[in-house]
Amino acid sequence: MHTRSLRYLKAMQVAKVRFNLDGSQADEVTEEQRVFAANSLHEYFKKAATQRKEKEAAEAAKVAEAQKLEKLNQLAAKFSRD
């Protein structure tokens, strides 16, 4: 779970060496691991942007539908035979 966190992945993009929990140096971070971290972050932010756009589009559609219904109600009230 820790190695999938955004903070960890951001650090791994530029890290040269890994550290143990006690703070001592462990092994070197390979270029493959840096690329994996960068790709993981790219996918995460791409997915988040897509979800945000879908949410905004759904909210805009909801507002447009409410405005349409309000306009229809106004027209119905204006031209109704009371």
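The model is predicted, so local features need pLDDT of at least 70 and side-chain atom pairs count only at pLDDT 80 or more, while totals for chains, interfaces and linings use all residues. Residues are numbered from 1 along each chain as its sequence is written, and side-chain values use heavy atoms, with hydrogens and water left out.

**The helix pair**

Begin by selecting residues 6-14, helix α1, and then residues 31-79, helix α2; helices here are DSSP runs of H or I with at least four residues, numbered from the N terminus. The two pack at an angle of about 135 degrees with their axes 8 Å apart, where axes are lines fitted to C-alpha atoms over the stretch in contact and angles run from 0 to 180 degrees between N-to-C directions. That angle makes α1 oblique to α2, a class left over once angles under 35 degrees (roughly parallel), over 145 (roughly antiparallel) and 65 to 115 (roughly perpendicular) are set aside.

To display the contact (heavy atoms within 4.5 Å), select L6, L9, K10, M12 and Q13 on α1, together with R34, A37, A38, S40, L41, Y44 and F45 on α2. By class, the contact of α1 with α2 has eight nonpolar, two polar and two charged residues; Ala, Val, Leu, Ile, Met, Phe, Trp, Tyr, Cys and Pro count as nonpolar, Asp, Glu, Lys and Arg as charged, and the others, Gly among them, as polar.

**S40**

Next, centre the view on S40 in helix α2, which is buried at a relative accessible area of 17%; buried means under 20%, exposed over 50% and partly exposed in between, computed with a 1.4 Å probe on protein chains only. Leaving aside residues up to four places away in sequence, S40 touches R4 and L9.

**The salt bridges**

Finally, turn to the salt bridges (a side-chain nitrogen of Lys or Arg within 4 Å of a carboxyl oxygen of Asp or Glu), of which a search of the whole structure finds two. Select E31 and R34, whose side chains meet at 3.1 Å, N to O; the two residues lie three apart in helix α2 and are therefore separated by about one helical turn. E31 is exposed at 51% relative accessibility, whereas R34 is buried at 15%, and R34 is also among the α2 residues in the contact with α1.

For the other bridge, select D27 and R18, where the N to O distance is 3.7 Å. D27 is partly exposed at 41% relative accessibility, and R18 is likewise partly exposed, with a relative accessible area of 22%.
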